[in-house]
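Mentor: Let us examine this structure through questions and answers. Please raise each point as it occurs to you.

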Amino acid sequence: MTYDTVVFDNDGVLVGRTHFEVLREATADAFAQFGVTDPGTDHVEDMTIGATPAQVASVCDTYDLDPDAFWSTRDRTVSEAQQAEARAGRKTPYGDVSTIADLDVKRGIVSSNQQATVDFLLDHFEIDGLFDTAYGREATIESLDLRKPNAHYLERALADLDADSALYVGDNESDIRAAENAGIDSAFIRRPHRTDWDLNVWPTWDIDSLDDLHRVCSA
């Protein structure tokens, strides 16, 4: 199999992941901006990672908040926190990112993080020139249902790139399932946080670094 297109997840693949506590504190700050200074711990954690539209509606009903306004503020605040981490040097690209410049393929990004976060990181680290298209999700409640393993954003990127034979590189099982849902191959990258991770999915490739893609794409 040879590929004419490679699409990458962002956090945990191209750049380091943001510490959960940073995201949690940003979420608590979003509550505070609506006058909720002592939200329940479970509510903060639910709104930090993996929130569903139903959870957003339930939590906002508890505190009498407008769901759309709250979620927009939550996404903006969490994005700003991640940008601050990048500026402070605590969220940085992996050392092998530059090796993908030599891949003779079209390249894109599909992330479940906010579009504003993806755009900022590409610009801040001056790696936007490596990619032909990049998708995060909109700062809307509706976008939560479009996150991976939903193939929505991946299919948009593949259409942008006019992909014929594509590979998606990720560090989560949802990435592998999104690739399956899009009908393309996948590569699971074993970053330090995934070295001994036991998978419940079956990626096409299991790689240790982005440099391995030179072998994969010419296999």
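This is a predicted model: local features need pLDDT of at least 70, side-chain atom pairs count only at pLDDT 80 or more; totals for chains, interfaces and linings use all residues.

Trainee: How many residues of the contact of helix 1 with helix 4 are charged?

Mentor: Ala, Val, Leu, Ile, Met, Phe, Trp, Tyr, Cys and Pro count as nonpolar, Asp, Glu, Lys and Arg as charged, and the others, Gly among them, as polar. In the contact of helix 1 with helix 4, eight residues are nonpolar and four are polar. The number of charged residues is three.

Trainee: How is helix 1 oriented relative to helix 4?

Mentor: Axes are lines fitted to C-alpha atoms, for helices over the stretch in contact, and angles run from 0 to 180 degrees between N-to-C directions. The axes of helix 1 (residues 20–32) and helix 4 (residues 67–87) cross at roughly 140 degrees and come within 8 Å. Angles under 35 degrees count as roughly parallel, over 145 as roughly antiparallel, 65 to 115 as roughly perpendicular and the rest as oblique. Helix 1 is therefore, relative to helix 4, oblique.

Trainee: How does helix 4 pack with helix 5, roughly parallel or roughly antiparallel?

Mentor: The axes of helix 4 and helix 5 are 9 Å apart, and the packing angle is about 15 degrees. The orientation of helix 4 to helix 5 is therefore roughly parallel.

Trainee: Which residues of helix 5 make this contact?

Mentor: Helix 4 contributes Ser79, Gln82, Gln83, Ala86 and Arg87. By class, the contact of helix 4 with helix 5 has four nonpolar, five polar and one charged residues. On the side of helix 5, the contact is made by Ala116, Thr117, Phe120, Leu121 and His124.

Trainee: With which residues is threonine 117 in contact, leaving aside its neighbours within four places in sequence?

Mentor: Threonine 117 is placed in helix 5 (residues 115–124). Its relative accessible area is 1%, so threonine 117 is buried; that term means under 20% relative accessible area, while exposed means over 50% and partly exposed is in between (1.4 Å probe, protein chains only). With neighbours within four places in sequence left aside, the contacts of threonine 117 are Ser79 and Gln82.

Trainee: Which strands stand at the edges of the sheet?

Mentor: Two strands pair if DSSP finds at least two bridges between them. The open sheet has six strands in the order 3-2-1-4-5-6, with parallel pairing. One side of each edge strand is left without a neighbour in the sheet, because each has a single partner strand; these are strand 3 and strand 6 (205–207).

Trainee: Which residue stands opposite tyrosine 135?

Mentor: Strand 3 (residues 133–137) has five of its five residues buried. Thr133, Tyr135 and Arg137 point one way from strand 3, and Ala134 and Gly136 the other way. Strand 3 runs parallel to strand 2 (residues 106–114), and four bridges join them. Opposite tyrosine 135 in strand 3 stands valine 110.

Trainee: Is lysine 91 buried or exposed?

Mentor: Lysine 91 has its place in the loop between helix 4 and strand 2. Among the residues that lysine 91 touches, not counting those up to four places away in sequence, are Asp11, Arg17, Gln82 and Phe125. With a relative accessible area of 1%, lysine 91 is buried.

Trainee: What is the phi of glutamate 126?

Mentor: Glutamate 126 lies in the loop between helix 5 and strand 3. Its relative accessibility is 69%, so glutamate 126 counts as exposed. Although glutamate 126 is not a glycine, its phi is positive, at about 55 degrees.

Terms used:
Residues are numbered from 1 along each chain as its sequence is written. Side-chain values use heavy atoms; hydrogens and water are left out. Helices (H or I, at least four residues) and strands (E, at least two) are DSSP runs, numbered from the N terminus. Contact means heavy atoms within 4.5 Å.
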